[in-house]
Amino acid sequence: RFYKKLGYPLSLRNPQTFNEKVHWRKTFDRNPLFSICADKLKARDYVKGKIGEQFLIPLLYSGESITAAQLAALSGEFVVKANHNSGPVHLVDKHQPTDFEGIAKNIRQQLKRPYAVKSGEWWYQHIPRRVIVEKLLRSESGQRAMDYKFFVFKSGDHAEYVLQISYGDTDRQTITFYDEEQNVLPFKIHKDNDFRPFHRPENYPHMVELAKHLAADFDFCRVDLYNIDGQIYFGELTFAPSSGTAAYDPIEFD
């Protein structure tokens with residue numbers, strides 16, 4: 001699968017590319033924190049202890065299952081997801097019709113699937129399967145929150161990062177990568193890269209500080225944060241982005 005997706009053979013004996021090192025981690029690294037932090041429910045407690053509860057998205061519901069009636073009874077806009085995998089995620093948007101029965105059915109299907117088997121990311125198999133519902137973040141002007149993905153690499157006490165930002169709605173998204181000086185990086189993965197200039201929020205240094213602090217226990221971790229009207233929220237911690245099969249173009253960036 002690695003060769004078919006990326007066009008070069010996988011080396012676990014002497015990994016050199018980012019994707020190879022992600023596969024090395026999936027195969028050999030047994031850090032118990034992976035299972036805790038990849039669990040979308042337990043990660044909330046981990047983040048609360050690290051940086052404080054004020055950075056958590058309001059939790060509207062959690063449980064072993066959910067019905068269409070329970071979803072319909074929730075107020076406002078929200079996000080529905082399983083805690084043990086990498087999606088899909090359902091957005092309940094006041095501007096769009098909502099199929100509560102379809103959402104509940106899909107979540108039930110997700111809860112039946114052992115995500116770790118498909119992805120090879122062993123840490124997911126130790127996560128008790130639950131469904132969670134969080135508030136959908138919007139700005140005062142009605143825009144959805146910007147998603148900032150910090151790829152944080154740590155060596156000793158020194159940490160560096162590459163930033164990924166997704167622009168647009170889920171079905172029409174583009175991605176742009178930036179270095180630490182917010183310069184656009186000339187590569188793309190998966191989706192189109194429109195190489196959009198970086199718009200720096202006033203509290204951006206604080207976001208960087210939080211991302212590095214949340215990643216401090218790992219040699220690599222992707223930290224997802226949201227920024228909405230100056231308020232920073234935690235999204236998730238990821239230890240194997242794209243499960244180590246993201247095709248970098250050009251490949252030198254891999």
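Reader: In what order do the four strands of the open sheet stand, and is the pairing parallel or antiparallel?

Author: Strands of a sheet pair through backbone hydrogen bonds, in a parallel or an antiparallel manner. In this predicted model, the open sheet has the order S1-S4-S2-S3, and its pairing is antiparallel. Strands S1 (59-63) and S3 (90-92) each have a single partner strand and stand at the edges, so one side of each lacks a neighbour in the sheet. From one strand to the next, the twist averages 15 degrees.

Reader: Over how many bridges do S1 and S4 pair?

Author: S1 pairs with S4 (residues 131-135) over four bridges, in the antiparallel sense. Tyr-61 is found opposite Val-133 in S4.

Reader: Which helix packs on the sheet?

Author: Helix H6 (residues 100-112) does, touching S2 (78-82), S3 and S4. The direction of H6 makes about 30 degrees with that of S2.

Reader: Which residue forms a salt bridge with Lys-81?

Author: A salt bridge requires a side-chain nitrogen of Lys or Arg within 4 Å of a carboxyl oxygen of Asp or Glu. Glu-134 is the partner of Lys-81, with the closest N and O atoms 3.2 Å apart. Glu-134 belongs to strand S4 and Lys-81 to strand S2, so the pair ties together parts 53 residues apart in sequence. Glu-134 also meets Arg-44 in a salt bridge (3.0 Å, N to O). Arg-44 lies in helix H4 (residues 42-51), 90 residues apart from Glu-134.

Reader: Is Glu-134 buried or exposed?

Author: Glu-134 has a relative accessible area of 7% and is buried. Lys-81, at 11%, is buried, and Arg-44 is buried as well.

Conventions:
Residues are numbered from 1 along each chain as its sequence is written. This is a predicted model: local features need pLDDT of at least 70, side-chain atom pairs count only at pLDDT 80 or more; totals for chains, interfaces and linings use all residues. Side-chain values use heavy atoms; hydrogens and water are left out. Two strands pair if DSSP finds at least two bridges between them. Helices (H or I, at least four residues) and strands (E, at least two) are DSSP runs, numbered from the N terminus. Axes are lines fitted to C-alpha atoms, for helices over the stretch in contact, and angles run from 0 to 180 degrees between N-to-C directions. Contact means heavy atoms within 4.5 Å. Buried means under 20% relative accessible area, exposed over 50%, partly exposed in between (1.4 Å probe, protein chains only).
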